[in-house]
Amino acid sequence: MALADLPGSTTGPDAAVVRVLSYNIRSMRDDREALARVIRACAPDVLCVQEAPRFFRWRKAAAWLARETGLVYTTGGATATGPMILTSLRAQVERTEDILLPRVPGLHRRGFATAVLRFGTGHRAPGDGVRLGVVSCHLSLAAAERYDQAGMLLDRVTALGVPYAVAAGDINERPEGRAFRRIAGRLRDGWATEPWGSEDTFSPDDPRRRIDAVFASEGVEIIGCGVPAGLPGVTDADLRAATDHLPVLAALRLPRTTPAQGRSPAPRDRGTLPS
């Protein structure tokens with residue numbers, strides 16, 4: 001199915017439609033221009049990155065990616081050991097937090113980039129709108145650690161304390177795996193719920209495994225989720241050159257709730273990388 005089959009971002013009196021893109025970008029070691037073209041064509045409101053640059057001049061690389069894709073740096077990168085979140089100007093940032101997970105000797109330390117966002121806010125009432133919690137994750141290559149991290153991911157989603165939440169990332173195993181099933185037991189797997197596009201995400205040259213996913217909490221209407229096809233201005237060569245994973249794009253409908261959503265502190269300033 002082509003990208004045109006997936007609804008665009010909208011804000012209405014009853015709900016907001018939000019596009020969430022999950023993408024492992026392999027530290028931007030591949031074709032950066034192709035990577036930017038893919039992301040721009042997907043037109044996400046929220047970009048959950050895995051393997052963001054996290055070493056020398058990583059902030060400069062994150063700023064380049066935000067600028068070239070028309071997004072704004074929100075949180076993560078080196079401060080979350082790889083996961084990062086970028087957002088469009090539709091999103092008001094309520095709060096962010098980068099989480100470092102327990103270190104296992106001999107293994108790469110993992111983390112989560114998290115944010116609480118608001119969509120559909122008005123100028124007269126900036127505390128209004130639909131609240132969405134977001135967690136970008138990249139789970140371990142080691143099965144036992146990965147299973148534990150799946151539980152930590154679910155705990156983190158609960159701790160966000162919002163009506164709606166999404167967790168998106170590189171799970172590093174297929175849907176039949178224990179960690180994947182643990183997440184899908186509490187959150188809805190976007191592809192399994194409302195498949196759109198194609199399924200497998202690894203690797204771009206010959207995709208045969210679905211190891212990347214977008215999960216959503218109850219109440220979120222998953223309109224469609226999968227690997228996008230027919231991206232305007234993007235060729236198959238771009239998808240192969242951009243990185244070693246294919247992106248996962250989801251369109252989510254977030255119904256407006258009652259005033260019980262409440263108001264929260266004013267959103268923080270946008271577009272500043274951490275010092």
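**Close-up 1. Burial of Asp45 in the predicted model.** Asp45 has a relative accessibility of 3% and therefore counts as buried (under 20% relative accessible area, with exposed over 50% and partly exposed in between, for a 1.4 Å probe and protein chains only). Asp45 lies in the loop between α1 and β3 (46–50); helices (H or I, at least four residues) and strands (E, at least two) are DSSP runs numbered from the N terminus. The model is predicted, and local features need pLDDT of at least 70, side-chain atom pairs pLDDT 80 or more, while totals for chains, interfaces and linings use all residues. Residues are numbered from 1 along each chain as its sequence is written, and side-chain values use heavy atoms, with hydrogens and water left out.

**Close-up 2. Surroundings of Asp45.** The side chain of Asp45 forms polar contacts with the side chains of Ser9, at 2.6 Å, and Arg90, at 3.1 Å (a pair of N or O atoms within 3.5 Å; within protein, one must be able to donate a hydrogen and the other to accept it, and residues adjacent in sequence count only if both atoms are side-chain atoms). Beyond neighbours within four places in sequence, the residues in contact with Asp45 include Val17, Val18, Arg19, Leu86 and Phe119 (heavy atoms within 4.5 Å).

**Close-up 3. Packing of α1 and α2.** Helix α1 (residues 32–42) packs on helix α2 (residues 58–69) at about 50°, the axes being 9 Å apart. Arg32, Glu33, Leu35, Ala36, Ile39 and Arg40 of α1 meet Ala61, Trp64, Leu65, Glu68 and Thr69 of α2. By class, this contact has six nonpolar, one polar and four charged residues.

How values were computed:
Axes are lines fitted to C-alpha atoms, for helices over the stretch in contact, and angles run from 0 to 180 degrees between N-to-C directions. Ala, Val, Leu, Ile, Met, Phe, Trp, Tyr, Cys and Pro count as nonpolar, Asp, Glu, Lys and Arg as charged, and the others, Gly among them, as polar.
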